[in-house]
Amino acid sequence: MRIYTNWQECYEETKRDLAEMGIDVFPKTMQDKNIEGNLEYATKELQNYSYCLLNVKSSEYTGVTQPWADAEFLERVNPSGNINPGDAWKLRPDIWNEFMHDGKMAYSYNERFFFNDQLNKIIDRLKNDHDSRQLWLSVWNPAEDPDKLGGISRVPCSLGYNFQFRDGKLNIHYVMRSCDFKTHFVNDSYLAAKLLEYVADKAELPTGSLTHTMFSLHIYRKDVQGVF
């Protein structure tokens with residue numbers, strides 16, 4: 001796993017690893033779309049890729065899709081727990097319009113973060129037990145997501161976030177099953193950094209590192225030009 005002290009180096013080195021070591025994969029589905037045989041969606045992929053960004057600060061990120069990213073984050077942590085689709089997606093309609101069905105998304109981070117009030121319970125546990133090893137915020141829902149596989153419906157690319165307070169700082173480990181480098185990588189990492197800062201602020205703890213693991217970090221053939 002590569003370890004970095006600044007975001008720009010992290011981004012450039014991750015891009016280089018994908019360009020130099022990615023393997024060719026030909027997926028049958030992308031989200032809820034059937035792409036079998038569509039070579040524009042042939043992918044260059046790194047499997048089980050991780051990096052660690054020390055002393056992460058969301059303010060140091062470059063390349064973030066604004067104003068969408070900050071609006072999206074505020075919706076994710078809205079304590080109502082029932083925002084779907086919200087309004088942030090309207091700031092990035094070129095990406096999200098195609099995934100809107102009957103006025104809603106298949107899921108929202110806000111719904112998943114506050115399912116069983118899990119985000120608030122994690123923050124409360126942190127306040128009472130800094131050293132806990134149980135602070136997992138789940139985005140994947142095994143009660144419904146396995147029934148949507150194979151393009152039936154969208155399922156979360158993010159599996160969840162682990163929080164761990166060590167050496168006087170709160171760290172986050174962000175785990176994804178799939179990450180599209182061109183469209184989502186920068187934003188996904190930025191939003192994880194924002195989540196770390198949010199939880200640390202609520203628990204009155206200093207922030208530490210962001211570790212990011214992606215089972216499939218990839219880029220589609222249609223997006224390679226201008227990236228590599």
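Here is a short note on some features of this predicted model, point by point.

1. A word on the ground rules. This is a predicted model in which local features need pLDDT of at least 70, side-chain atom pairs count only at pLDDT 80 or more, and totals for chains, interfaces and linings use all residues. Residues are numbered from 1 along each chain as its sequence is written, and side-chain values use heavy atoms, with hydrogens and water left out.

2. One runs from Q66 to P67, with omega near 5 degrees, and P67 sits in the loop between β5 (43–53) and α2 (68–76). The other runs from N84 to P85, with omega near 10 degrees; P85 belongs to the loop between α2 and α3 (93–96). Helices (H or I, at least four residues) and strands (E, at least two) are DSSP runs, numbered from the N terminus.

3. Two asparagines have a positive phi. N48, in strand β5, has a phi of about 55 degrees although it is not a glycine. N116 has a phi near 60 degrees and lies in the loop between α4 (109–113) and α5 (118–128). N48 is exposed at 56% relative accessibility, and N116 is exposed at 55%. Here buried means under 20% relative accessible area, exposed over 50%, and partly exposed in between (1.4 Å probe, protein chains only).

4. Next, the aromatic rings: the whole structure holds 16 aromatic pairs. Rings of Phe, Tyr and Trp (its six-membered ring) pair if their centres lie within 6.5 Å; planes under 30 degrees apart count as stacked, over 60 as edge-to-face and the rest as tilted. W7 and Y11 make a tilted pair, 6.1 Å centre to centre with 40 degrees between the planes. These two are 4 residues apart in helix α1 (residues 7–21), so about one helical turn separates them. W7 is buried, at 3% relative accessible area.

5. For a pair that links distant parts of the chain, look at F73 in helix α2 and Y198 in helix α6 (residues 181–203), 125 residues apart. Their ring centres are 6.1 Å apart and their planes meet at 75 degrees, so the pair is edge-to-face. F73 is buried at 6% relative accessibility.

6. W7 and Y11 also belong to one aromatic cluster with Y51, Y61, F181, F185 and Y190.

7. Which residues line the largest pocket nearest its centre? They are M30, Q31, S178, H218 and Y220, out of 30 lining residues. On a 1 Å grid over the protein atoms alone, a pocket is an open set of points where a 1.4 Å probe fits, with protein on both sides within 12 Å along at least five of seven lines; lining residues have an atom within 4 Å of a point. The volume of this pocket is about 640 Å³, where grid points are joined across faces, edges and corners and a volume is the space filled by probe spheres set on the points. Strand β10 gives the largest share of the lining, 3 residues.

8. The second largest pocket has a volume of about 200 Å³. It is lined by 16 residues, with Y11, G63, F181, K182 and V186 closest to its centre. Helix α6 gives the most to this lining, with 6 residues.
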